[in-house]
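This briefing covers a pocket and a helix that contributes to its lining. The structure comes first, then the notes.

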Amino acid sequence: MSETIDVAGSPDRTWALVGDFAGLVSWFPAVARSEVEGTGVGALRHLTLPDGASLTERQEFRDEKARCYEYTAIAGVLPCEDYRSRIAVTPSSSGSRITWTATFTTSAGAPVDAEAFIREVYREGLASAKAKLEGGGTPGAVA
């Protein structure tokens, strides 16, 4: 599963925002609070969601030159198992493209369609990153 968005910002500027493993809370509305232990590969990100639920993720791979990192969910509430995600920034005609991909297995008895849920969360997050990078302030203001 993959979602992309083009933004009017240089790849370096875009990566500075979305590539900051500790800075997710600054642009991603699905996270109310974030605490990170460590840096680089192996760092743990403890997230608190707006409803109070928690999720812990571990950074598994990082390539500053290629502007990408990968992480896995190791604890917490998700409607899936074996969740692995990658965020990457590449140049595009508008400035840069953010691509957010995930692989996972839907949990038995999940209360929601895992792919639809994660796809919507990614879309909201990407729209929020675009708004922040383009100075729109709110995702609703993005065309």
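The notes below take the pocket, then the helix.

This is a predicted model, in which local features need pLDDT of at least 70, side-chain atom pairs count only at pLDDT 80 or more, and totals for chains, interfaces and linings use all residues. Residues are numbered from 1 along each chain as its sequence is written, and side-chain values use heavy atoms, without hydrogens and water.

**Largest pocket**
- The largest pocket has a volume of about 420 Å³ (the space filled by probe spheres set on the grid points).
- A pocket here is an open set of points on a 1 Å grid where a 1.4 Å probe fits, with protein on both sides within 12 Å along at least five of seven lines; lining residues have an atom within 4 Å of a point.
- Its lining has 24 residues, and Leu49, Leu55, Leu78, Phe117 and Val121 are the closest to the centre.
- By class, 21 lining residues are nonpolar, none is polar and three are charged.
- Strand 3 (44–48), strand 4 (54–63) and helix 2 (114–134) each supply at least two lining residues; helix 2 gives the most, with four.

**Helix 2**
- Helices are DSSP runs of H or I with at least four residues, and strands are runs of E with at least two.
- The 21 residues of helix 2 should span 30 Å at 1.5 Å a residue, which agrees with end C-alpha atoms 30 Å apart.
- Buried residues (under 20% relative accessible area, 1.4 Å probe, protein chains only) of helix 2 include Ala114, Arg119, Tyr122 and Lys130.
- Among the elements covering the buried residues are strand 1 (2–7) and helix 1 (11–18).
- At the helix 2 start, a side-chain oxygen of aspartate 113 lies within 3.0 Å of the backbone nitrogen of glutamate 115.
- Just after helix 2, glycine 135 has a positive phi of about 80°.

Note on methods
Ala, Val, Leu, Ile, Met, Phe, Trp, Tyr, Cys and Pro count as nonpolar, Asp, Glu, Lys and Arg as charged, and the others, Gly among them, as polar. The expected span of a helix is 1.5 Å times one less than its number of residues. Buried means under 20% relative accessible area, exposed over 50%, partly exposed in between (1.4 Å probe, protein chains only). Contact means heavy atoms within 4.5 Å. A polar contact is a pair of N or O atoms within 3.5 Å; within protein, one must be able to donate a hydrogen and the other to accept it, and residues adjacent in sequence count only if both atoms are side-chain atoms.
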